[in-house]
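Reader: Before we look at the model, tell me how a pair of packed helices is read.

Author: Two packed helices are described by the angle between their axes and the distance between the axes.

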Amino acid sequence: ERGGYPHFMLKEIMEQPDVWSDALLGRVQNQRVVWREMGLPASVAETVRRIRIVAAGTAYHAGLVGKMLIERLARIPVEVEVASEFRYSTPIFEPGTLVMAISQSGETADTLASVRLAHELGVPTYAVVNQVGSTLARESDYVVYTHAGPEIAVASTKAYTTQLLVLTLLALGLADLKGRGRPDLVQHLLSLPHIGQTLLGQLESVRQMAESLSLKRDVFYIGRGLDYALAMEGQLKIKEIAYIHAEAYAAGELKHGTLALIEDGTPVVAIVTERDVAEKTISNILEVKARGAEAWGILDRQITGDIPVDHQIVIDTPDPLLAPAIAALPLQLLAYWTAVFRGEDVDKPRNLAKSVTVE
Ligand code: M6R
């Protein structure tokens, strides 16, 4: 059942290129997103002026990527909130608001409560969900499936990256509806499964980083823009299965306090795929290096120049907007191998359940 892999998590990491193909299947044609496959009628989508994304954990991190993609491509303002906060807040819904819930299981109590709150207030709801027929899928007005297949490991991997792909399709589709289509990006999306497959065959060096990380007490993840959203997902994976204290920082925030924690040998994972702000992040890497950090980079090949990292993983992405799913792969494997080196129960981390159906 684990397909010859020692853990479900590794199986689920390795099958991502295939499930990405499933998530894209039938949803792209002639360099355009096939809008009717997105589960949201065009007549509704055209009235959307504002999106409120609600989700928990990894799905929340996918929502942060979704916000940036929708805002950059479709120019629709998006807010992202953790469902456990949203459900007890007093949201102000302007006309034209759509509440979008993201969930692998479709059974997360807080996410469901958020959708019910939106219903009570007469706001349309749209679910990005993996589990077909789940409560969230049934209770939301509109639904699009991520088609990741069953995810058994508690740590979410393939559910996350398929959420990223579906959110990218959605952003591109919404952009198209507004006359801002990006056929180039739609075409490039189709190359992601192949790029992911190639990368997964080249990540042996992640093991060395993991061996070193497995002996550390703390680790920091930094990035800007999409890379910051990815950093948040990277740190959650490490906490969740390797039980190492991890924090994600917007690279530019380091100086406002956290830099004080960097000492000799503190590992800092820097994600640098946002080409427009790469120079800025590189200078942040120099700053942590100057304080003795061990810097590890996940770097887009197009970003050249002298990047002062101790280890690096180079990734190929056709466009920075499509980098997140690719860059997630080494982050997932880093967490996986670190937990394995520490001898932890990778698929069933302590204190956690696969789906959080009670508060
Ligand atoms: O099923 P959901 O996507 O709603 O679950 C949300 C979170 O509980 C989940 O993503 C959790 O953070 C994962 N264990 C992270 O790997």
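Reader: At what angle do helix α2 and helix α8 pack, and how far apart are their axes?

Author: Helix α2 (residues 16–24) and helix α8 (residues 158–177) pack at about 35°, and their axes are 10 Å apart. Axes are lines fitted to C-alpha atoms, for helices over the stretch in contact, and angles run from 0 to 180 degrees between N-to-C directions. Helices are DSSP runs (H or I, at least four residues), numbered from the N terminus. The model is predicted: local features need pLDDT of at least 70, side-chain atom pairs count only at pLDDT 80 or more, and totals for chains, interfaces and linings use all residues. Residues are numbered from 1 along each chain as its sequence is written, and side-chain values use heavy atoms, with hydrogens and water left out.

Reader: Which residues of α2 and α8 meet?

Author: Contact means heavy atoms within 4.5 Å. From α2 come Gln16, Val19, Trp20, Ala23 and Leu24, which meet Lys158, Thr161, Thr162, Leu165 and Leu169 of α8.

Reader: How do helix α12 and helix α14 pack?

Author: Helix α12 (residues 226–242) and helix α14 (residues 323–341) pack at about 20°, with axes 9 Å apart. Therefore α12 is roughly parallel to α14 (angles under 35 degrees count as such).

Terms used: Helices (H or I, at least four residues) and strands (E, at least two) are DSSP runs, numbered from the N terminus. Angles under 35 degrees count as roughly parallel, over 145 as roughly antiparallel, 65 to 115 as roughly perpendicular and the rest as oblique.
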